[in-house]
Amino acid sequence: MKYAPFPGNLVMVGFGSVGQAVLPVLLKHLEIRPGQIGIIAADDAGADIARKHGVELTVRRLTEEDYQAVLEPRLKAGDFLLNLSVDVASLALVELCWRRGALYLDTCIEPWPGGYDDPSRTPSQRSNYALREEILAFRRHKGAGPTAIPTQGANPGLASLFVKQALLDMAGHCRLPISRPASYEDWAELARRLDIKVIHIAERDTQTSARRKEREEFVNTWSVMGFVGEGQQPAELGWGTHERHWPADAGRHGYGCD
């Protein structure tokens, strides 16, 4: 089933396990031709899959010095950059897409190589928090332009969409008159009106293998490079006191639902 037409070009950066799985889904559910899609990857691990679907694969490891020269000719207004890579800075690609008028989506916020373990940077500067704050700072100052959606992976990402739908479903069950939220402040206000203070999402990996794990063997069920990179980051521990922004009598003024 085709859900939407896409008249522009789609540039996919990175073609690992996620990219190789996503490519046939894009062709199945979008009105898009293989000739509209171009893949840039650091190696040819997915060459057979790209060839099978008639999509051009360029083997090129993007660097901080050459990414603009490689990508700018491929992106124009209305095109789409799907970033599924590692060791390519997400913020750099977001800024490039904004200048070219192209849409952008990725599964997590990545730095350039060394961003996780560069000894010249403080632990705070190497944290996930700092990476998120850099993206948010660009969002605040860029003004109008094409949409960029970072961290649209499984969690955050797909789980975030499930939470938003759950909030709308709860509002409907509670007969709470609302208009569909259009910003994160609107979603926060909806949660406040529903008297929701904490949302906890637990993950359970149900993947199994035909081969039994050996003694003293460690098995990783997601991106090995991503696992190693994030494992080199400083540990993060945070807390907040957002309750001070809530009315003390919020539950008595229609914010909750029994």
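Is D79 buried or exposed? I looked this up before anything else. D79 counts as buried, at 1% relative accessibility (buried means under 20% relative accessible area, exposed over 50%, partly exposed in between, with a 1.4 Å probe and protein chains only).

Entry on the model. I note that this is a predicted model, in which local features need pLDDT of at least 70, side-chain atom pairs count only at pLDDT 80 or more, and totals for chains, interfaces and linings use all residues. Residues are numbered from 1 along each chain as its sequence is written, and side-chain values use heavy atoms, with hydrogens and water left out.

Entry on salt bridges. I found seven salt bridges in the structure (a side-chain nitrogen of Lys or Arg within 4 Å of a carboxyl oxygen of Asp or Glu). Among them, D79 pairs with K76, with the closest N and O atoms 3.2 Å apart. K76 is partly exposed at 46% relative accessibility.

I next looked up D66, which forms a salt bridge with R60, the closest N and O atoms again lying 3.2 Å apart. Here D66 is buried at 16%, and R60 is partly exposed at 39%.

For E189 and R192, the closest N and O atoms of the salt bridge are 3.0 Å apart. The two residues are three apart in helix α7 (residues 184-193), so about one helical turn separates them (helices are DSSP runs of H or I, at least four residues, and strands of E, at least two, numbered from the N terminus). E189 is partly exposed at 32%, whereas R192 is buried at 15%.
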